[in-house]
Amino acid sequence: ARAMTDTPPFKTSDNLSGLPEIRHGFFGRMGGVSGGLYTSLNAGEGSGDVPGAVATNRERIRTAMSARALLSCYQIHSADVAHVTEPWSVRPEADAMATKIPGIALCILTADCTPVLFADAEAGVIGAAHAGWKGAIGGVLDTTVAAMIELGAEAGRIRAAIGPTIQQASYEVGPEFRNTFLDASPHNAALFLPGKGDRFQFDLPGYCRQRLDGLGVHSVHDTGLDTCALKDSYFSNRRRNQRGEPDYGRNASVIMLAL
């Protein structure tokens, strides 16, 4: 019974839950051993948390998924995808992963950026992407889908799930930010609502949905959970900045082909 109490809670996505060959979960702050700013399920190896606590937290996530390995990248806001063929000991610099190997859990780390989990169950191919605004506009969702197609997936069969991320109501940006998106496409204007003064409210998950739709990935489920607003449930970099805190924990979004 004790082992069960160590299983951290996680959310699932409607369009991935019905696939018996896929395991996935969106983990937040709860169910770990970290303290202070990192309370409690901080999965970020790149944070300033006690490494042993992060390792324990990640082991709990791995166990919750029944995975033989839990892999994360050294995320750099790029469009680079790592093709996973076996567990690694040194994290590659990349912001997405794709694999057809069962038992290896792909783990994206976020604290407001958009985590996207992908599955073509029929082909036995999964992917996972870290899509902050830079990665999203830079094409990280496109490269993830392309990497999956290389492994035998078909865009029309891929289901994508958008995990907890900063939602429009919490994401205030300036006019330069908006101009960057308008320069990319005038259609992006619809993703910005007027805010206070010269500020705008940007819909990052909406932008990700739009990109996925353009890639032919039409089965997309958005959990609609706001990392910045749900302070007890999720880590948030923006909230950390608003509070003047020195660091922040990372939420884990995980997908795996069942063994």
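In helix 5 (residues 140-150), the buried residues are V140, L141, T144, V145, A147 and M148, where buried means under 20% relative accessible area, exposed over 50% and partly exposed in between, with a 1.4 Å probe and protein chains only. Because they cover an arc of only 160° around the axis, they lie on the same side of helix 5; the arc is that of the directions from the helix axis to the C-beta atoms. The model is a predicted one, in which local features need pLDDT of at least 70 and side-chain atom pairs count only at pLDDT 80 or more, while totals for chains, interfaces and linings use all residues. Residues are numbered from 1 along each chain as its sequence is written, and side-chain values use heavy atoms, with hydrogens and water left out.

**Surroundings of helix 5**

- The buried residues of helix 5 pack against strand 4 (81-84), strand 5 (96-99), strand 7 (114-120), strand 8 (125-131), helix 4 (133-138) and helix 7 (204-214); helices (H or I, at least four residues) and strands (E, at least two) are DSSP runs numbered from the N terminus.
- Just after helix 5, G152 adopts a positive phi of about 115°.

**Nonpolar cores**

- The largest nonpolar core has 33 residues, and those with the most contacts inside it are F118, L141, F192 and F202; such a core is a set of buried Ala, Val, Leu, Ile, Met, Phe, Trp, Tyr and Cys residues joined through side-chain atoms within 4.5 Å.
- Helix 5 gives the most to this core, with 5 residues.
- Leaving aside neighbours within four places in sequence, L141 is in contact (heavy atoms within 4.5 Å) with V116, F118, A129, A131, C208, R211, L212 and L215.
- Apart from this core lies another, of 22 residues, including L71, M97, L106 and A161.

**Cysteines**

- The structure holds 0 disulfides, a disulfide being a pair of cysteine sulfur atoms within 2.5 Å.
- For C107, the nearest cysteine sulfur is that of C73, 9.6 Å away, and C107 counts as buried at 0% relative accessibility.
- The sulfur of C208 is 9.3 Å from the closest cysteine sulfur, in C113, which is too far for a bond; C208 is likewise buried, with a relative accessible area of 0%.

**The chain as a whole**

- The chain contains 8 helices and 14 strands, and 53% of its 259 residues count as buried.
- Along its principal axes, the C-alpha trace spans about 55 × 45 × 30 Å.
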